[in-house]
Amino acid sequence: MTILMLSLGGGGGNILRSLKALFRRDLATVHKSDPRYAERLRRALVTRFLDTNEFSLSDVPGEERLIIGAQTTGRLGARHDPEVARRALEESKADVEALLRPHSVVILIGTGGKGTGAGTIMPIAQMARQQRKLVIPIFVRPSFECHEVEKRRYDHALTISQQFDAAGIRVIEILNDRGYSSANPQPQAAVWERMNLPIARGLRGLLYVLSDLSQVDPSDLSMLFAGPGRLRIGFAEIDPPPGDDPTDEQAEKATAICWDNPYSLFNKPVGTSLICIQGQWSNVVDARLKGGLAARATAGSSSATYNPLHAFVPAAPKPWGLTALFAEYTGNHPPLEIDWPDVRTVRQTRSATSAAARSTPIGAGIDDPSLSPVAVVVAEGQHREAVVEEPPVRTDVRAGGETAVKPRSFSTFWDFALALNRNEPLALAAAADGEHCDISIEAAEIRKLLRTVWCRSVFQHLSLHWRNRLLDVLLDDTRIPNHVVRDGRRAVRLNQIPYEELRRTATDISIPDPVRADVQLLLAIGTVWGGDALTRLTFEPVEVAKASTFDLLLQPFRHT
C-alpha cells in the first residue's frame with residue numbers, strides 16, 4: 001500500500017516541503033532503533049509537487065515534479081487565476097490520472113485564494129474519488145484580516161470549502177488566521193512548522209494503520225471518510241522512563257495535546273474517528289488514553305455520536321505517542337467504494353514506467369547510507385504496494401534436509417482467520433482439511449470476520465466442510481430482528497427482501513444504523529454462502545409502532 005502526498009501550487013508546495021523535512025527527521029530517529037520499520041515507512045509514502053510555474057519547483061528533484069498546462073500557461077504560472085489553473089489541469093488530465101492510479105490513498109495539499117491550488121484541488125479530489133481512492137484533502141484557507149489575499153480571493157476560498165461539502169468529500173481545513181498571534185509573534189517559518197507538526201507526526205500512525213489492514217477494518221475506514229464534514233488530525237508524544245508506564249499526568253497531557261489542534265476548522269460533534277496508540281505500555285495506560293479522548297469528544301454533547309476505531313502498535317519504535325484522526329458527525333452516510341489492495345499478495349513491481357507514474361519514496365535524500373534511495377517503479381495502470389512484512393514462520397530442519405513447519409495452535413477461530421489471511425502454511429493446511437480440526441468456533445467471531453474487507457481471502461482457502469461447519473454455527477447462534485423497512489411506497493420485512501436487492505437496501509441512507517448492520521450481515525452471508533443460506537436464518541418478530549391519525553394523513557405525501 002502506498003500513500004501519495006501531492007502538493008498543488010506554490011502554497012501547497014511550501015507545506016509539503018515542511019512536512020517532508022519533519023518526516024525525514026522522524027525517519028532518521030526511527031532508523032536508529034528499527035531500520036526495517038523505517039524502510040517500511042519510507043517506502044509507504046510518495047511525494048509529488050504539482051504546479052503551473054516551473055520556476056517555483058527549481059529546488060525539487062526532477063522526478064518529483066509535475067508541471068501541468070504547458071501550452072495553457074507557458075510553464076509560467078496561472079496568473080493568480082483559478083480558472084487558468086483549471087484549464088491547465090484539463091490539458092494535463094491524462095498525466096495527473098496516471099500519477100494517481102498506482103496509489104491507494106491520496107493526500108492533497110493546496111492553499112486557496114490564488115491560482116494553481118485553488119483551481120485544482122477540487123477537480124483532482126474528484127479524479128481520485130472516481131478512481132475509487134481514499135482521498136484526504138488538506139486545504140488552507142488564507143487570511144483576509146492579515147492581508148494575505150484580497151476579499152474576492154478569500155471569497156473564492158470559501159466556495160471551495162462549500163464544493164467539498166456538496167461533493168461529500170471530507171477535508172482537513174486549516175485556517176491561516178489562527179497562525180497569527182499578537183501575544184506571541186513568530187517568524188513565518190516557525191509558524192509553518194508549528195501548524196504542520198500535527199499532520200507530519202500524525203502520518204506515522206496513519207501509515208501503520210493503512211499498511212496493516214488487520215488493525216482496523218477497511219470497511220470502517222470507508223465509513224469514517226464517508227459524507228461531508230471536516231477532519232482534524234492530532235499527535236502527542238509520550239516518553240516515560242525506560243521500563244515504566246506513563247504517569248497519569250503524562251497520559252492526561254497527551255490526550256489534551258492530541259485533542260487540541262487550534263489551526264483546524266472543526267465545529268460539529270465528533271463522529272467516527274481513528275485512534276492509534278503507539279507504545280509498549282500496560283492496558284491500564286491504553287484505557288486512560290482512550291478514556292481521556294472520549295471524555296473530550298463527548299463533553300457537552302447532547303447525543304452519543306463519538307465512535308472511536310482503535311489501533312494499537314505496541315512494537316512501534318520510538319518516538320511513541322498517541323495519534324488521532326477525528327471526523328465531524330454529519331449524519332449517517334453510505335460507505336465509500338474504495339479499491340483496497342490485497343496486501344497479502346501484492347508485491348512491489350520493478351518495471352518500466354512513464355515519468356508520471358514513477359514512485360520515489362519520501363525518504364530519498366536522507367544523508368544515511370542505510371537509507372539510500374531505492375529505485376521502485378511501476379508500470380502504468382498497476383498497483384504498486386509497499387511489502388507488508390510478516391514474521392517468517394519458524395521451521396525445523398529434519399534429517400535429510402527436509403523442512404517442517406513448527407507446530408502452532410490456534411486458540412480461537414479469529415486467530416486462525418488472521419493466520420489464514422497471512423498465508424501461514426499451518427493455517428492453510430488446517431483450512432484444506434477441517435474434519436480433524438479442534439479449533440473452537442464462536443458465532444461472534446464469524447460475524448466479526450464477515451464485517452472485514454478481507455473475509456473473501458479467508459473463505460477462498462476454506463474447504464467445503466469448513467464452510468458448512470461455519471454456517472451451521474452461525475445459524476444456530478444468530479437471530480435477526482425482522483425489521484420493517486421502506487421499499488419505495490411499500491413497507492416490507494427483512495425476510496421478504498430478495499438477496500439481489502439487499503445491496504440497494506444497505507445503502508439506503510434513511511435506514512437506522514442498527515437495521516443497516518443487520519442488512520449488511522445478511523448481505524455478507526448471501527455473498528459467502530449464497531442467497532439460499534438466508535432462507536435458513538431465524539428472524540425474530542419486531543412489533544411495528546402504531547401510526548397516529550396525523551401520520552396516516554401525511555403518509556401519501558412522504559414518497560411523492
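Predicted model: local features only at pLDDT ≥ 70, side-chain atom pairs only at ≥ 80, totals over all residues.
Visitor: Cavities, then. How many of 30 Å³ or more does the structure hold?
Guide: It holds 2. A cavity here is a set of points on a 1 Å grid over the protein atoms alone, where a 1.4 Å probe fits but cannot get out; lining residues have an atom within 4 Å of a point. Volume is the space filled by probe spheres set on the points, which are joined across faces, edges and corners.

Visitor: What volume has the largest cavity, and what lines it?
Guide: About 60 Å³. The lining is I107, I136, I138, I172, I199, L203, L206, I233 and L325. β5 and α8 are the elements that give two or more residues. Helices (H or I, at least four residues) and strands (E, at least two) are DSSP runs, numbered from the N terminus.

Visitor: Which classes are in that lining?
Guide: It has 9 nonpolar, no polar and no charged residues. Ala, Val, Leu, Ile, Met, Phe, Trp, Tyr, Cys and Pro count as nonpolar, Asp, Glu, Lys and Arg as charged, and the others, Gly among them, as polar.

Visitor: And the second largest cavity: which element gives the most to its lining?
Guide: α8, with 4 residues. That cavity has a volume of about 50 Å³. Its lining divides into 7 nonpolar, 3 polar and no charged residues.

Visitor: New topic. How do α10 and α11 pack?
Guide: Helix α10 (248–259) and helix α11 (283–298) pack at about 45 degrees, with axes 9 Å apart. Axes are lines fitted to C-alpha atoms, for helices over the stretch in contact, and angles run from 0 to 180 degrees between N-to-C directions.

Visitor: Why call them oblique?
Guide: Under 35 degrees is roughly parallel, over 145 roughly antiparallel, 65 to 115 roughly perpendicular, and the rest oblique. So α10 and α11 are oblique to each other.

Visitor: Last one. Which residues lie nearest the centre of the second largest pocket?
Guide: G10, G11, G12, T111 and K114, out of 37 lining residues. A pocket is an open set with protein on both sides within 12 Å along at least five of seven lines. This one has a volume of about 630 Å³.

Terms used:
Residues numbered from 1 in each chain as written. Heavy atoms only, no water.
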